[in-house]
Number of protein chains: 2
Amino acid sequence: MDDQQFRKFGHEFIDWVADYFNNIESYPVLARVQPGEIKGALPSAPPESGESMEKIFADFKKTILPGMTHWQHPGWFAYFPANNSPASVLAEVLTAGLAAQCMIWQTSPAAAELEETVMGWLRDMIGLPASWSGVIQDTASTATLCSLLTAREVRTDFASNRSGVREPLTVYASTEAHSSVEKGIKIAGFGSENLRTIPVDETFAMIPDRLEEAIREDERRGRRPCAVVVTVGTTSSGAVDPLRPIGEICRRRGLWLHVDAAYAGTAAVLPEMRWLLDGAHLADSVVFNPHKWMLTNFDCSAYFVRDPGALIRTFEIHPEYLKTGKDAVVKNYRDWGIQLGRRFRALKLWFVIRSYGVEGIRSMVREHLRLARLFASRLEARPDFEILAPVILSLVCFRWNDGRKSGEELNALNKTLLERVNASGKVFLTHTSLNGRFVIRLVVGQRTTTERHVRQAWEIIAAEAGRLEA
Amino acid sequence: MDDQQFRKFGHEFIDWVADYFNNIESYPVLARVQPGEIKGALPSAPPESGESMEKIFADFKKTILPGMTHWQHPGWFAYFPANNSPASVLAEVLTAGLAAQCMIWQTSPAAAELEETVMGWLRDMIGLPASWSGVIQDTASTATLCSLLTAREVRTDFASNRSGVREPLTVYASTEAHSSVEKGIKIAGFGSENLRTIPVDETFAMIPDRLEEAIREDERRGRRPCAVVVTVGTTSSGAVDPLRPIGEICRRRGLWLHVDAAYAGTAAVLPEMRWLLDGAHLADSVVFNPHKWMLTNFDCSAYFVRDPGALIRTFEIHPEYLKTGKDAVVKNYRDWGIQLGRRFRALKLWFVIRSYGVEGIRSMVREHLRLARLFASRLEARPDFEILAPVILSLVCFRWNDGRKSGEELNALNKTLLERVNASGKVFLTHTSLNGRFVIRLVVGQRTTTERHVRQAWEIIAAEAGRLEA
């Protein structure tokens, strides 16, 4: 492809993205294809000769697009959001053009120093101690794994890296913690049997006393308590574990403390929500995802640590072929995580924070919180709906319940309700399970979601519920 | 930023990237900034109010750009390449616009099925068995870690995931294997003491007999041999471990075999280089990086496995909030690796393979191999240079040596030579150490590198060597 072709299609693609942003409501949120349908439309062998970009772009529109689920749709109320923004997309264009691999300082000093700078901005924006350091990871799964590995090494005086894991080290998280905690525990060689799931209270938040009991019980049984994972904003219901009392337990008992605030951390940019991270100064690490609720294209997970020295000592490698004359005086982020290779992810974060300003980000988050409360108020006004968890953030957990059904029958009806609501194509919500109940989740977090979309979601849900009752 | 602004700057950024590709030789390859210089030019606090894209873009050009090391420069002969292409950049624009998070089939069926399709294309392009399955990982570091974890689980009948690592499992790789092998061994809880580094022959390739001896010795000492990592194209010198005889040892002894072909795997698209992966059918997994030498923007690492069931069983998680009605009949790639969240990386690979065709990719690789041999022939014609490893791929390892210096003095002179060559700004080469010798590495792998650039590199090196001698 020559220069003129690149410009032509580049402009065309930018306009396509702009049109996509404008017309996104014309697509069904959730792709309407059957398993195997897209694959069946693709040739099983690659072309021998190059094909024109006209043809590739036409196939993108004809074959790929109908199989996309539209995460940027304003009717996206599923899982957690992964919102982007025009500023972030623009930064991705430059990142893709430069295509620098930012493994060490030398391979792009600006990438390393911009990362250090914007991570300092973010740290201050959510009120973490000024002495902490940040690094961009791809996902919260990876950040949590990095934290568990650092905990393992600190607890064993770095002997596990050298000799392997040789004794039962236990990790504590609530029964509502994200699946990535158990996954990380398996990967790091702790073994899932050594994860203690601590009971939660009626708000689905970890009960600190039960944590302390579990720690004592393990000590009695000759096991070595190693780390606690606190969840600020659980995936199922947005529950907030009480960070400060848990932090005090960890300090008292010398346990590592990681805070998984993947979704909710963004809300701490609001002074009135800063309480979410109250006690974070007692923790060893915190992760939250600007790629979820802060307008930044996936992937961009912000991982903050009290002691970067422990992190680096866990991961550092020094092969001759990566040595430079500057290693003693610069940050080489390859040693701050699992992967050696690194994209230039700081650029989009810089573009987003500058383009919106701290106030712009706060406005969006505040509006999303307001919209979630608005939706909750609609549910509260109806005798045939119930809210099943406190609405602390922008996530509302609810179900239809006219009081005449129960148990599995009620669960099945709500599953049907969710399927019918999603079949509208106007909205996409997902589910979870709380105390054995099938729960519908509605999360407000898309950049373009306005009151109109939340009202529409409620109308669709209410109408489908009416059909259930009929 | 409104629609018009997004289009305006989108077009401007595309043109900037096009100009950058055209003018890239006007930049010094290696950034010429001092540590702290970029950071010092950036404000330590984020802006409260949003700023204009004019201002952000101006700051990008003024502050960030001088701190970039230009990986796409045709004078890039350092490390390994991480080349991109116009087709790949265009795909990244669409990927950033759609911003789908492709963790499971439902969250974008087209992404899952396109990934399965293009990974099938790639598998066939490098001649792996048609029964194997592929998945895109971010980096070879991660893919190798995934392989080591699967090996750990298969060897312990999935008890390590459950109960933790409890006995010394040993892993084997050559003394020239990449640092990610040791890093993965630490992360997965094997312990670096349980990595056996197997001696290499005069070509820096693993000696199979020494591998078998080491395995026997571990068995005698009551340790459990678990996995072997073969390197096809070592980072230091491009050495190729003999895959087939090592594969036969692994089959005979029931050991897991992973092939790290991160850089060299791309060369297997050439029929005449297919021998690189001869014996791969005896392995359990192979990784190579289209983001290195196959025109695809970082990150895009191709990980192939014989038995996806073992991979999935190592990583699968089934929280309620991720269940869909289709999980039994679709591929959910969240269970094929460490991270839950996934970018839509298959799109750029599809654009690249279609835009270039298999023949286009082959032509580029063939030309790079020719240029490396051309460079080697210049060295061979000179009595004051020596080639220090066989030139099998597009990597040439050499040093200046006029026969009058030796040992550390010679090493120091070559270090000076490399620094002076890189100070030209026209080229960037890196170094390694082979048998205690300081070795300069020249790798041809940039899309835009032509014979002119290789000749220029040689002229700069020869001229600076002349100054050393003077």
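Two residues are in contact if their C-beta atoms, placed from the backbone, lie within 7 Å.

## Model and conventions

The model is predicted: local features need pLDDT of at least 70, side-chain atom pairs count only at pLDDT 80 or more, and totals for chains, interfaces and linings use all residues. Residues are numbered from 1 along each chain as its sequence is written, and chains are lettered from A and ligands numbered from 1 in the order in which they are written.

## Chain A as a whole

Chain A holds 15 helices and 11 strands; these are DSSP runs numbered from the N terminus, with helices being H or I of at least four residues and strands E of at least two. The radius of gyration of chain A is 24 Å, close to the 23 Å of the globule rule for 470 residues, so chain A is as compact as a globular protein of that length. That radius is taken over C-alpha atoms, and the globule rule is 2.2 Å times the number of residues to the power 0.38. The C-alpha trace of chain A spans about 65 × 60 × 45 Å along its principal axes.

Of the 470 residues in chain A, 60% are buried. A residue is buried if 20 or more other C-beta atoms lie within 10 Å of its own, exposed if 12 or fewer, and partly exposed in between, with C-beta atoms placed from the backbone. Among contacts in chain A between residues at least 6 apart in sequence, 74% join residues at least 24 apart.

## Relation of the two chains

Two copies of a chain are related by a rotation about an axis and a shift along it. Here chain B is superposed on chain A by a rotation of 180° with 0.0 Å of shift along the axis, at an RMSD of 0.0 Å. That is the relation of a two-fold axis. Both copies use the same surface, since 100% of the contact residues of chain B recur in chain A. The superposition is by least squares on the C-alpha atoms of residues with pLDDT of at least 70 in both copies.

The contact takes 121 residues from chain B and 121 residues from chain A. On the side of chain B that touches chain A, helix 1 (residues 3-23) of chain B gives the largest share, 13 residues. By class, that side of chain B has 58 nonpolar, 41 polar and 22 charged residues. Ala, Val, Leu, Ile, Met, Phe, Trp, Tyr, Cys and Pro count as nonpolar, Asp, Glu, Lys and Arg as charged, and the others, Gly among them, as polar.

## Nonpolar core

A nonpolar core is a set of buried Ala, Val, Leu, Ile, Met, Phe, Trp, Tyr and Cys residues joined through C-beta atoms within 7 Å. The largest has 336 residues, of which F77(A), V228(A), F77(B) and V228(B) touch the most other members. Leaving aside neighbours within four places in sequence, V228(A) contacts Y172(A), L211(A), I246(A), C250(A), L255(A) and L257(A).

L442(A) lies in strand 11 (residues 437-443) of chain A and is buried, with 25 other C-beta atoms within 10 Å. Not counting residues up to four places away in sequence, L442(A) touches F77(A), F375(A), V396(A), L429(A) and A457(A). L442(A) and F428(A) are 14 residues apart in sequence and 8.6 Å apart in space, C-alpha to C-alpha.

V232(B) sits in the loop between strand 4 (224-231) and helix 10 (243-253) of chain B. With 30 C-beta neighbours inside 10 Å, V232(B) counts as buried. Beyond four places in sequence, V232(B) touches V240(B), D241(B), L243(B), V259(B), A261(B), A264(B), G265(B), L276(B) and L277(B).

Helix 5 (residues 109-125) of chain B has 17 residues and should span 24 Å at 1.5 Å a residue, which agrees with its end C-alpha atoms being 24 Å apart. The expected span is 1.5 Å times one less than the number of residues. In helix 5 of chain B, 15 of the 17 residues are buried, so the helix is largely enclosed by the rest of the structure. Just after helix 5 of chain B, G127(B) takes a positive phi of about 80°.

## Backbone exceptions

Most residues other than glycine have a negative phi, and most peptide bonds are trans. Y79(B), not a glycine, has a positive phi of about 40°; Y79(B) lies in the loop between helix 3 (53-64) and helix 4 (86-98) of chain B. L295(B), also not a glycine, has a positive phi of about 70° and is buried, with 25 C-beta neighbours inside 10 Å.

A cis peptide bond joins F298(A) and D299(A), with omega about 0°. Another joins F298(B) and D299(B), with omega about 5°. D299(B) is in the loop between helix 11 (290-293) and strand 7 (301-305) of chain B.
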